[in-house]
Every structure is written in C-alpha cells, then in structure tokens.
Amino acid sequence: MAINVLICDDSSFARKQMKRALPTEWEVEVHFAADGIEGVEAIRQGKGEVVFLDLTMPNLDGYGVLETIRRDDLPAMVIVVSGDIQPDAQERVKKLGAMAFIKKPIDQDKARAVLTEYGIMTGA
C-alpha cells in the first residue's frame, strides 16, 4: 500500500527536485503544497503521512507548520529540507518534532539514507 508523501515548498523547482530525489523503489503517492497553510490542510486530509517540509515559505512557514502539527496532534512524520542549515534552525525544528533535517539540495542517496535510518522506508 502506497504511503502518502507531502512535499511542502514554495518553490516549484524545489518540489520537483524533491520528488525526483525520492527512492524509485519506495511505493508512495506524492502530493504537493506551495505554502504552510496548504501543507497543514493536506496533512489534515491524510495526504502527509511523511512530509518533506521547507522552512521558508509565505503565509505559514515551516516552523508554523511544525507548531500546528504538534498543537493539533496531526499524524505526520516530518523531515525538514532546507537551505537554512544554521544550528539554531536545526535545533528548533527538532524541538518542534521534526524527525530529521536535510540540507538542500537533496538527492536520492540522501533521501534513502534518512528514510532508512528512521525506519520510514524498509527493505531498501
């Protein structure tokens, strides 16, 4: 059964790049959101069992998405994918419940390693 994966990033290029980085052997249904508000709505609709989340977005940023997920106890495993690699940002997202933090750009090897490390994707 396919896992619902949500890619939440305001850049259409980054969304496409993230989709290409997903391991080809991973059975997923990919959904997209262009900002945090769309992302939270998609998670509420069950489209984000696994979420690849950018931090810098209009309307509601990645921190706000993480705060909403935590506050509303939404069922989502979040991996932050961001160009902001400052230690403070990494620490903050982990405190807000993100499983992992990956620096952009991401490739299939990095994605596979994180997904395997956290037991999200098995049998690779």
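Which residues does Asp-54 touch, not counting residues up to four places away in sequence? In this predicted model, Asp-54 touches Cys-8, Asp-9, Asp-10, Gly-62, Val-81, Ser-82 and Lys-104. The legends below begin with this site.

View 1. Asp-54 lies in the loop between S3 and H3. The residue is buried, with a relative accessible area of 4%. The contacts of Asp-54 include Asp-9, Asp-10 and Lys-104. In UniProt, an unreviewed entry places the feature "modified residue: 4-aspartylphosphate" at Asp-54. The UniProt annotation "domain: Response regulatory", also from an unreviewed entry, covers residues 4-119. Over residues 4-119, the chain is 42% helix and 22% strand, and the C-alpha atoms at the ends are 15 Å apart.

**View 2. The salt bridge between Lys-104 and Asp-54.** The closest N and O atoms of Lys-104 and Asp-54 are 3.4 Å apart. Lys-104 lies in the loop between strand S5 (100-103) and H5, and Asp-54 in the loop between strand S3 (50-53) and helix H3 (62-72), so the pair ties together parts that are 50 residues apart in sequence. Lys-104 is partly exposed, at 24% relative accessibility, whereas Asp-54 is buried at 4%. A network of salt bridges links Asp-9, Asp-54 and Lys-104. A search of the whole structure finds eight salt bridges.

**View 3. Arg-112 with Glu-25 and with Asp-109.** How far apart are the closest N and O atoms in the salt bridge of Arg-112 with Glu-25? They are 2.9 Å apart. This pair links distant parts of the chain, 87 residues apart: Arg-112 is in helix H5 (residues 108-117), and Glu-25 is in the loop between helix H1 (12-21) and strand S2 (28-33). Both residues are partly exposed, Arg-112 with a relative accessible area of 21% and Glu-25 at 45% relative accessibility. The side chain of Arg-112 also meets that of Asp-109 in a salt bridge, at 3.5 Å from N to O. Arg-112 and Asp-109 are separated by about one helical turn, because they are three residues apart in helix H5. An α-helix has 3.6 residues a turn, so residues three or four places apart point the same way. Asp-109 counts as exposed, at 56% relative accessibility.

**View 4. The largest nonpolar core.** This core has 23 residues, of which Ile-43, Leu-53, Leu-66, Val-78, Val-80 and Val-93 touch the most other members. At least two residues each come from strand S1 (3-8), helix H2 (36-44), S3, H3, strand S4 (77-82) and helix H4 (87-95). H3 gives the most to this core, with four residues. Not counting residues up to four places away in sequence, Ile-43 touches Leu-6, Gly-48, Val-51, Val-65, Ile-69, Leu-74 and Ala-76. A second, separate core has 19 residues, among them Leu-22, Val-81, Ile-102 and Ile-106. In soluble globular proteins, nonpolar side chains tend to be buried together.

**View 5. Helix H3, its cover and its ends.** Which residues of H3 are buried? They are Gly-62, Tyr-63, Gly-64, Val-65, Leu-66, Thr-68 and Ile-69. The cover over these buried residues includes H2, S3, S4 and H4. Asp-61 caps the N-terminal end of H3, with a side-chain oxygen 3.2 Å from the backbone nitrogen of Tyr-63. After H3 comes Asp-73, which has a positive phi, near 55°.

**View 6. Strand S4 beside S3.** S3 and S4 run parallel and are joined by four bridges. In one of the paired positions, Val-50 has Met-77 in S4 as its bridge partner. S4 is largely enclosed by the rest of the structure, because five of its six residues are buried.

Conventions
Residues numbered from 1 in each chain as written. Predicted model: local features only at pLDDT ≥ 70, side-chain atom pairs only at ≥ 80, totals over all residues. Heavy atoms only, no water. Salt bridge = Lys/Arg side-chain N within 4 Å of Asp/Glu carboxyl O. Buried < 20%, exposed > 50% of the residue type's maximum accessible area, 1.4 Å probe, protein only. Core = buried A, V, L, I, M, F, W, Y, C linked by side-chain atoms within 4.5 Å. Contact = heavy atoms within 4.5 Å. Polar contact = N/O pair within 3.5 Å; in protein donor to acceptor, adjacent residues only side chain to side chain. UniProt positions renumbered as here; feature names shortened; annotations may be inferred. Pairing = 2+ DSSP bridges.
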